[in-house]
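Me: Hey, I've got a structure to go through for class. Can you walk me through some bits of it?

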Amino acid sequence: MVNIGQYNTLTITKRVGFGLYLDGGDLGEILLPKKWAPEDANPGDELEVFIYLDSEDQFIATTQKPKAEVGQFASLKCKEVGRYGAFLDWGLDKDLLVPFNQQKQPMEAGRYYLVYLYVDQHTDRIAASGKLDRFLDKTPANYKVGDKVRVTIGGKSDLGYKAIINNSHWGVIYFDTVFKPLRNGQQLPGTITKVRDGGRLDVSVNPPVAKQVDALGEKILAYLRTQPNGFAPLNDKADPETIKALFGVSKGVFKRTIGGLYKAERITILDNGIELR
């Protein structure tokens, strides 16, 4: 079965002057145009291709890599607004349509929007929607603390960043756990930190503490080397916001790191700061 709007591994049935025909199963033969066809490919070979409808509503294959597939969320740039809606750049020759009735707010050319990609059930055309909630799972999420997940930043709330977990559920990244700005549509790995009543999810996008400590140790030493006499007025009493601004970590990680540097005899901890040994 061929999945529209996703990658498929299909067998070449024949080569013609304008490209390759691939076995599309129930969809019949699907053309891979010559400009995207590998020159050394032959009938019987298998190719990984992306399937969509061209401007004439014919199924077409490409070896181009779109910026997102059907079933995924992505931040895409609006190229223009036309008669039927907004057209987004998603990395293929044919732009991606967001119909007017799928826009959360009117889209404007030149701006980026977080959208969900879907296949229109009536036309088989791939389209996108800015109305994210309707495509997220409303049933309680089945995760446990410590699970590794993929996070897409989906805006802000009063408490923190709204996070789409594995393209399926909403979660939250609390502001006080974030030490660098996150942008709408940004995708990054995360870890489930709490599963609340009803399956609501708290998630962190920080590396494990041990990795943070290792990286921070080198940052602190490099920072001290730039300071007069290798001294900085920072210790376990330092203001958390100062630590966050300088090193992008929590005060807890900072305290653990300077403790390790002290035990390794790399720094001295003084009443008013730390200094290189």
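Reply: Let's start in a strand: Thr-152 stands opposite Ile-164 in strand 12. By the way, this is a predicted model, where local features need pLDDT of at least 70, side-chain atom pairs count only at pLDDT 80 or more, and totals for chains, interfaces and linings use all residues. Residues are numbered from 1 along each chain as its sequence is written, and side-chain values use heavy atoms, with hydrogens and water left out.

Me: How many bridges join strand 11 to strand 12?

Reply: Four, and strand 11 (residues 148-156) and strand 12 (residues 160-165) run antiparallel. Strands here are DSSP runs of E with at least two residues, helices are runs of H or I with at least four, and both are numbered from the N terminus. Two strands pair if DSSP finds at least two bridges between them.

Me: What do the five strands close into?

Reply: A barrel, in the order 11-12-13-15-14, with mixed pairing. Neighbouring strands of this sheet are turned by 55 degrees against each other on average, direction ignored.

Me: OK, new topic. At what angle do helix 1 and helix 3 pack?

Reply: About 65 degrees, with the axes of helix 1 (residues 209-225) and helix 3 (residues 251-263) 9 Å apart. Axes are lines fitted to C-alpha atoms, for helices over the stretch in contact, and angles run from 0 to 180 degrees between N-to-C directions.

Me: Which residues make that contact?

Reply: Among them are Leu-216 and Ile-220 of helix 1 and Phe-254 and Leu-261 of helix 3. Contact means heavy atoms within 4.5 Å.

Me: Now Leu-22, is that buried or exposed?

Reply: Leu-22 is buried, with a relative accessible area of 0%. Buried means under 20% relative accessible area, exposed over 50%, and partly exposed in between (1.4 Å probe, protein chains only). Leu-22 lies in strand 2 (residues 19-23). Leaving aside neighbours within four places in sequence, Leu-22 has contacts including Leu-10, Ile-30, Val-49 and Ala-61. The C-alpha atoms of Leu-22 and Ala-61 are separated by 8.4 Å, though the two are 39 residues apart along the chain.

Me: And where is Asn-229 found?

Reply: In the loop between helix 1 and strand 16 (231-232). Asn-229 has a phi near 60 degrees, a positive value in a residue other than glycine. Most residues other than glycine have a negative phi. Asn-229 is exposed, at 76% relative accessible area.

Me: What about Asp-124, what's its phi near?

Reply: Near 65 degrees, again positive. Asp-124 lies in the loop between strand 9 (112-119) and strand 10 (126-129), and Asp-124 is partly exposed at 32%.
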